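Open the model in your viewer and keep the selection tool at hand.

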Amino acid sequence: MELGHVVVLAGGLSYEREVSLRSGRRVTDALRSLDIPVELRDADATLLDSLTDDPPDAVFPVLHGAAGEDGSIRDVLELLGMRYVGARPDACRVAWDKPTAKSVVRRAGLQTPASVALPKEVFHDLGAASVLDQIIQSLGLPLFVKPTRGGSALGASVVHDAADLSAAMVGCFAYGDAALVERCVSGIEVSVSVIERDGTPTALPAVEIVAPGGRYDYTARYDAGDTEFVTPARLTPEATARATAAAVTAHRALGLRDLSRTDLIVTPDDEVHFLEVNVAPGMTETSLFPRAVSGAGLDLGEVCRDLLLSRFP
């Protein structure tokens with residue numbers, strides 16, 4: 001069939017709004033390069049009226065952060081009976097919550113760094129100093145602190161010194177009400193994207209991330225030239241196989257659909273550790289999913305088109 005009207009959904013009101021808009025423009029341009037009629041829409045108060053007044057053939061959500069990845073916007077699309085690319089609401093809710101996702105993939109056989117997830121109230125009720133001391137005694141140093149929900153490394157930081165843990169928690173709580181504190185595993189940071197073809201998840205080439213100062217933070221992610229990306233990642237054949245298998249395992253275990261991106265650490269002895277999964281991968285000029293698509297010798301527009309067409313019986 002031919003796609004006659006596609007809506008790319010981007011923007012929203014999360015902390016990642018600007019990144020989402022950049023992703024939306026990239027997907028829109030990629031689809032237009034194939035002469036597919038496509039409209040870029042924001043997730044605002046006019047969205048429902050526009051979707052019901054002029055229903056599209058399918059929707060391609062590239063909303064990042066809350067609402068875009070927690071399943072709520074997709075719930076609304078299902079209420080409207082819209083076809084859309086990506087994971088369904090229940091799967092989004094599981095993947096969006098990092099501690100829950102870690103538990104699911106651990107049961108599926110993947111390794112993931114030891115961690116503790118604590119809401120802000122625990123620090124208030126039990127005393128921050130006592131809780132932080134216990135975290136360090138149990139997990140050791142260095143530690144990685146990040147919000148339990150959210151992306152783009154907002155509120156995330158590495159802690160090498162016990163004296164810096166309190167400030168890291170404060171920074172984390174600026175972006176969420178709960179913190180995930182993980183043992184920091186040293187190694188090569190890689191991202192493995194997955195796309196489904198005929199319902200079968202297929203891993204794209206792993207992308208290696210070499211960030212300035214070893215910190216793949218918000219600036220390193222979205223300012224072109226600050227970070228080096230190597231595709232395919234410089235891994236041994238055994239580590240490459242383990243990383244791609246881990247991404248497919250995570251995709252399946254979490255019940256995802258169409259596309260996903262799994263972030264991993266590969267240690268010097270080729271052990272692969274799951275960090276988190278993204279149900280709405282970034283599509284910007286510096287994002288990892290488009291780099292993986294290109295590394296596989298594929299065209300981003302054609303991949304997006306095929307994902308849209310897969311929503312039709």
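In which loop does Asp-258 lie? Select Asp-258 in this predicted model: the residue is in the loop between α10 and β12 (259-266). Its phi is near 75°, a positive value in a residue other than glycine. Asp-258 is buried, with a relative accessible area of 1%.

Next, select Asp-35, in the loop between α1 and β2 (38-42). Here too phi is positive in a non-glycine residue, near 65°. Asp-35, however, counts as exposed, at 69% relative accessibility.

Now go to the cis peptide bonds. Show Leu-141 and Pro-142, which are joined by a cis bond with omega of about 0°. Pro-142 belongs to the loop between α7 (128-139) and β5 (143-147). Then show Thr-231 and Pro-232, where the peptide bond is also cis, with omega near 0°. Pro-232 sits in the loop between β11 (228-230) and α10 (237-253).

Turn to the aromatic side chains. The structure holds two aromatic pairs. Select Tyr-15 and Tyr-175: their ring centres are 4.9 Å apart and their planes are at 70°, so the pair is edge-to-face. Tyr-15 lies in the loop between β1 (6-10) and α1 (17-32), and Tyr-175 in the loop between α8 (165-173) and β7 (178-183), so the pair ties together parts that are 160 residues apart in sequence. Tyr-15 is exposed, at 56% relative accessible area, while Tyr-175 is partly exposed, at 34%.

For the other pair, select Phe-123 and Phe-173, again edge-to-face, with 5.6 Å centre to centre and 70° between the planes. Phe-123 is in helix α6 (residues 120-126) and Phe-173 in helix α8, so this pair links parts 50 residues apart in sequence. Phe-123 is buried, with a relative accessible area of 7%, and Phe-173 counts as buried at 14%.

A further ring to show is Tyr-84: Arg-257 lies over its face, at 5.0 Å from the ring centre.

The largest nonpolar core has 31 residues, of which Val-27, Leu-31, Phe-60, Met-283 and Leu-308 touch the most other members. At least two residues each come from β1, α1, β3 (58-61), β10 (207-210), α11 (288-295) and α12 (300-309). The largest share, five residues, is that of α12.

Terms used:
Residues numbered from 1 in each chain as written. Predicted model: local features only at pLDDT ≥ 70, side-chain atom pairs only at ≥ 80, totals over all residues. Heavy atoms only, no water. Phe/Tyr/Trp six-rings, centres within 6.5 Å; stacked < 30°, edge-to-face > 60°. Helix = DSSP H or I, 4+ residues; strand = E, 2+ residues; numbered from the N terminus. Buried < 20%, exposed > 50% of the residue type's maximum accessible area, 1.4 Å probe, protein only. Lys NZ or Arg CZ within 6 Å of the ring centre and 35° of its normal. Core = buried A, V, L, I, M, F, W, Y, C linked by side-chain atoms within 4.5 Å.
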